[in-house]
Amino acid sequence: MHCEHNSRREFLARSLATAAASSLPATVALAVTASSPSSSGTWAGTTDKTLFDQAWALRFSNPLPNALDPKLLNIGFIYRPDPGTFSQYTVSAAQTQWDILGVPGVKTTVWGYGNYEGGADMPVTFPGRTFVVQRNNAITVRWLNRLNDAFGQALPHLLPVDQTVALQSVTNGVPMAVHHHGGDTASEFDGGPDQWQTPQRLQTGPGVGPANSVGDDGLTYSYLNNQEASMHWYHDHAEGITRINAYAGLAGLYVIRDANENLLATRRSIPSGAYEVALVLQDKVFTADGSLAYFADPAQYPATLDPKYDTSNPTHMPEMFGDVIVVNGKAWPNMDVEPREYRLRLLNAADARFFVLNFGAAPVWQIGTDLGLLNAPLAVNSVTIAPGERIDLVVDFSALAGQQLVVSNSGAVPFPNGAPPDAGSGSDVVMRFSVNQPINRLAPRSHIAKVKQLRGQAASTPPLDVPARVPRNLPVRRILLGEGVDEYGRITPLLGTYDPSGLNNLGTMDFNEPPTEFPRLGSTEIWEFWNTTVDAHPVHMHLVQFRVLDRQAFVGTVVNTTMPNNWTGVQLTPGARKRGAVQKAPAQEQGWKDTVVCPPGMVTRVVATFNRPGKYVYHCHILSHEEHSMMRWFDVR
């Protein structure tokens, strides 16, 4: 990605012109000019070399923790209900020390989540513990902010805080907001960017109301769990510091089980029990003493900052990439496995990195997407997973006894037009599977290659229409993805509207401007994401589950605009039009989704039903983009 904003815009203009005459696939439609970005150096942090070399030499020596193991870490990696209850949980966020790198004598200060029981905080984990619940069994969770020391004093942030992005009104410690990503959740329990609390709830955001604030401390949320079996996650979403709160460790998994999934396991269609493993993928940077680092030096900003910017203040960066891959809180871990099938449930919890994973000689089937199962298993050669996405896999080690398989990553940085990781850079390797365990003959083996149907085992999980059935005359919303410049000259990804009639063609807008999207309660709509930038953006919509329809290149003119906050934004002028072949959603996306990759120069279409009233956000799940300021409200009425 070029360092200067103007060169990025020039590249975009050339690429849009190229796309007009191209029928290339969506993932490469803008990668055909000679000036495609190829270097990610200015976008990445670098771990202290001595420490990196020590950790790299020890790669594959860290055992992989399984975030679905009820026995791990003495009290387990799965949350327990509060004593004497079946559906009430109290969870605290707190600071701890964690052995991420595996280097003797080096531990990293992180934040995590853990149970709060009997008036005392239990040890927190990194990532946070996992909720495992049954479909239609509602739970309540009381979220406590314990980011304070033993004397009750609020802790400083572990990472540099950009005061031009962070909330200026917060004076009582680090605010946190907990969003259930993937949840069909009432707006008051969504954990949006304005639903934050500081330690001991001394301050709360404007989105916090009486329904959340029962009791003296914390915020209480209700989760109905009325969705089909799927793996969601919960993570921080506090306005202005989401990226650094999540990076520091405020994230964990949320798994819903149902009858359909249980029948698949009982019938040996899919692996279960000890053979089901959750993998949380992240990339990190470390200082010489093992502390987490986050790229924020104004002197290294990849564009010329306005002279009025106070360079003593850390700055938000357009994107953040690390050189140490961390899986379930461990750098480049190893998992010892039997020669049999394993169910691997992947979450990309990175800031900006897209992973393109290869499992070597092991056959791989995809069985699910963000919010549920596919109709049938799909054999795949590699797996691409964007920030915020989840992918459900079955990997077969049956024929690989005695072998070791290194999971590699070739995802371009930035995606899709950057360069893949260099060999030995750290980000080219994810983890290793060692097929060195004897078969447990008491545990039934699954045979995914013989499975013809995943959905429809239970009536509550019927097969999906493929492609998705779209009623006629649905409302269409055209969302503009653009890139502007803030008052300090910083590259700023943005959202807005495109109206080909010109009547409501507002262009890009700041997050704090009033909503422009007002779906009717119970309505179904088509949302089109018109991406005029050179990046692929994984767009996440709160509340709704949707189906991906298709993608198509477009041609048009992008012009600069002056936004109400005096930033330089962009507008797609009326007359822009789709052109070329319509690319139907591929088989890997033919399931329920809540996050969709929107490639550059393409219109990406999804269809969603808005089933709850209230204000929610939609945003790019590259957290650095979401923060400044690729996030907007929609209001269901």
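**Ground rules.** I number residues from 1 along each chain as its sequence is written, and I use heavy atoms for side-chain values, leaving out hydrogens and water. Since the model is predicted, I ask for pLDDT of at least 70 for local features and count side-chain atom pairs only at pLDDT 80 or more, while totals for chains, interfaces and linings use all residues.

**Aromatic pairs.** I paired rings of Phe, Tyr and Trp (its six-membered ring) if their centres lie within 6.5 Å, calling planes under 30 degrees apart stacked, over 60 edge-to-face and the rest tilted; the count comes to 31 aromatic pairs. For accessibility I took buried as under 20% relative accessible area, exposed as over 50% and partly exposed as in between (1.4 Å probe, protein chains only). Phe52 is buried at 11%, and Trp56 is buried at 16%.

I then turned to Tyr498 and Trp530, a tilted pair with centres 4.9 Å apart and planes at 55°. This pair links distant parts of the chain, 32 residues apart, with Tyr498 in the loop between β24 (491-497) and β25 (507-509) and Trp530 in strand β26 (residues 524-531). Both residues are buried.

I also noted one aromatic cluster, whose members include Tyr79, Phe131, Trp143 and Tyr254.

**Charges over rings.** My criterion was NZ of Lys or CZ of Arg within 6 Å of the ring centre and within 35 degrees of the ring normal. The charged end of Arg59 sits over the ring of Trp56, 4.0 Å from its centre, and Lys284 lies over the face of Tyr247 at 4.2 Å from the ring centre.

**Backbone.** Most residues other than glycine have a negative phi, and most peptide bonds are trans. I found a cis bond from Phe126 to Pro127, with omega near -5°, and Pro127 lies in the loop between β3 (120-121) and β4 (128-134). Another cis bond joins Phe415 and Pro416, with omega about 5°.

Gln200 has a positive phi near 60° and is partly exposed, at 27% relative accessible area. Asn566 has a positive phi near 70° and is exposed, at 60% relative accessibility.

Definitions and conventions. Helices (H or I, at least four residues) and strands (E, at least two) are DSSP runs, numbered from the N terminus.
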